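Colleague: I am new to this structure and should like to understand the reasoning behind its description. May I put some questions to you in turn?

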Amino acid sequence: QFLTRLTERFVLGVDMFVEALWKVWTEVLDVLGLDVSNLSQYFSPSSVANSPARALLLVGVVLLAYWFLSLTLGFTFSVLHLLFGRFFWAVRVVLFSMSCVYVLHRYEGEPESAVLPLCFVVAVYFMTGPMGFYWRSSPSNPSVEEKLEHLESQVRLLNIRLNRVLESLDRSNDK
């Protein structure tokens with residue numbers, strides 16, 4: 001009973017989130033001068049084949065959609081990474097599981113329609129995994145403190161070497 005209510009609330013929350021993102025996306029397209037009430041006219045193969053400008057518009061909209069989606073996912077996962085730190089992997093697993101439950105719940109009667117959204121969920125899961133930006137950024141991009149410590153150790157080594165050179169010069173001058 002508890003799991004059923006939790007799943008229903010999660011599905012409702014995701015629906016509201018997707019609806020809010022869709023509203024923002026349609027506003028962006030409205031600002032660009034595209035009629036969002038009939039988007040299929042822009043994506044039909046015949047309209048793209050007849051007008052090179054529409055093909056360019058389609059490429060621009062797809063790139064803009066990719067940028068918007070990556071910006072949204074990047075912001076969401078950076079906030080989650082900031083909040084949960086080392087336990088981000090557990091949050092990822094829970095979100096992945098709940099996303100799969102959401103897709104399966106959403107397409108309950110038609111499993112063929114669930115394949116593409118499930119592939120998208122799996123792709124997002126792997127993009128935020130060990131090969132993703134958040135896991136790669138810390139070892140390759142050291143923090144400012146780590147860079148300063150490294151520079152200080154190099155300066156200490158140079159001072160030691162300089163002292164040795166100066167001492168050897170003093171000894172050779174004394175002889």
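Colleague: How do you know that the end-to-end distance of α5 agrees with its number of residues?

Modeller: This is a predicted model, and the comparison is made on its C-alpha atoms. At 1.5 Å a residue, the 19 residues of α5 should span 27 Å. The end C-alpha atoms of α5 are 26 Å apart, which agrees with that span.

Colleague: Which elements make up the chain, and in what order do they run?

Modeller: The chain has eight helices and zero strands. Read from the N terminus on, the order is α-α-α-α-α-α-α-α.

Colleague: What makes α1 roughly perpendicular to α5?

Modeller: Helix α1 covers residues 2–31 and helix α5 covers residues 88–106. Their axes come within 10 Å and cross at roughly 85°. Angles of 65 to 115 degrees count as roughly perpendicular, so α1 is roughly perpendicular to α5.

Colleague: Which residues meet where α1 and α5 are in contact, and how do they divide by class?

Modeller: From α1 come Leu6, Thr7, Phe10, Val11, Val14 and Asp15. From α5 come Met98, Ser99, Val101, Tyr102, His105 and Arg106. The residues of this contact divide into seven nonpolar, three polar and two charged.

Colleague: Why is α5 called roughly antiparallel to α6?

Modeller: Helix α6 spans residues 115–127, and α5 packs with α6 at an angle of about 175°, their axes being 10 Å apart. An angle over 145 degrees counts as roughly antiparallel, and therefore α5 is roughly antiparallel to α6.

Colleague: Which residues of α5 and α6 meet, and what are their classes?

Modeller: Arg92, Val93, Phe96, Ser99, Cys100, Val103 and Leu104 in α5 are in contact with Pro117, Leu118, Val121, Val122 and Tyr125 in α6. This contact of α5 with α6 has 10 nonpolar residues, one polar and one charged.

Colleague: What makes α4 oblique to α5?

Modeller: The axes of helix α4, residues 52–84, and of α5 come within 9 Å and cross at roughly 130°. The ranges are under 35 degrees for roughly parallel, 65 to 115 for roughly perpendicular and over 145 for roughly antiparallel, the rest being oblique. The angle of roughly 130° belongs to the rest, so α4 is oblique to α5.

Colleague: Which residues form the contact of α4 with α5?

Modeller: Phe77, Leu80, His81 and Phe84 in α4 meet Phe88, Val91, Arg92 and Leu95 in α5. By class, the contact of α4 with α5 has six nonpolar residues, one polar and one charged.

Colleague: Why is Cys100 called buried, whereas Cys119 is called partly exposed?

Modeller: Cys100 has a relative accessible area of 17%, and buried means under 20%, so Cys100 is buried. The structure holds zero disulfides.

Colleague: Which residues of α5 are buried, and what share of the chain is buried?

Modeller: In α5, the buried residues are Phe88, Val91, Arg92, Met98, Cys100, Tyr102 and Val103. Of the 175 residues in the chain, 17% are buried.

Colleague: How do you know whether Leu32 and Val36 are exposed or partly exposed?

Modeller: Leu32 lies in the loop between α1 and α2. Its relative accessibility is 52%, and exposed means over 50%, so Leu32 counts as exposed. Val36 is also found in the loop between α1 and α2.

Colleague: What does Val36 touch, leaving aside residues up to four places away in sequence?

Modeller: Val36 touches Thr26, Leu29 and Asp30. The C-alpha atoms of Val36 and Thr26 are separated by 6.2 Å, although the two residues are 10 residues apart along the chain.

Notes. Residues are numbered from 1 along each chain as its sequence is written. This is a predicted model: local features need pLDDT of at least 70, side-chain atom pairs count only at pLDDT 80 or more; totals for chains, interfaces and linings use all residues. Side-chain values use heavy atoms; hydrogens and water are left out. Axes are lines fitted to C-alpha atoms, for helices over the stretch in contact, and angles run from 0 to 180 degrees between N-to-C directions. Helices (H or I, at least four residues) and strands (E, at least two) are DSSP runs, numbered from the N terminus. Contact means heavy atoms within 4.5 Å. Ala, Val, Leu, Ile, Met, Phe, Trp, Tyr, Cys and Pro count as nonpolar, Asp, Glu, Lys and Arg as charged, and the others, Gly among them, as polar. A disulfide is a pair of cysteine sulfur atoms within 2.5 Å. Buried means under 20% relative accessible area, exposed over 50%, partly exposed in between (1.4 Å probe, protein chains only). The expected span of a helix is 1.5 Å times one less than its number of residues.
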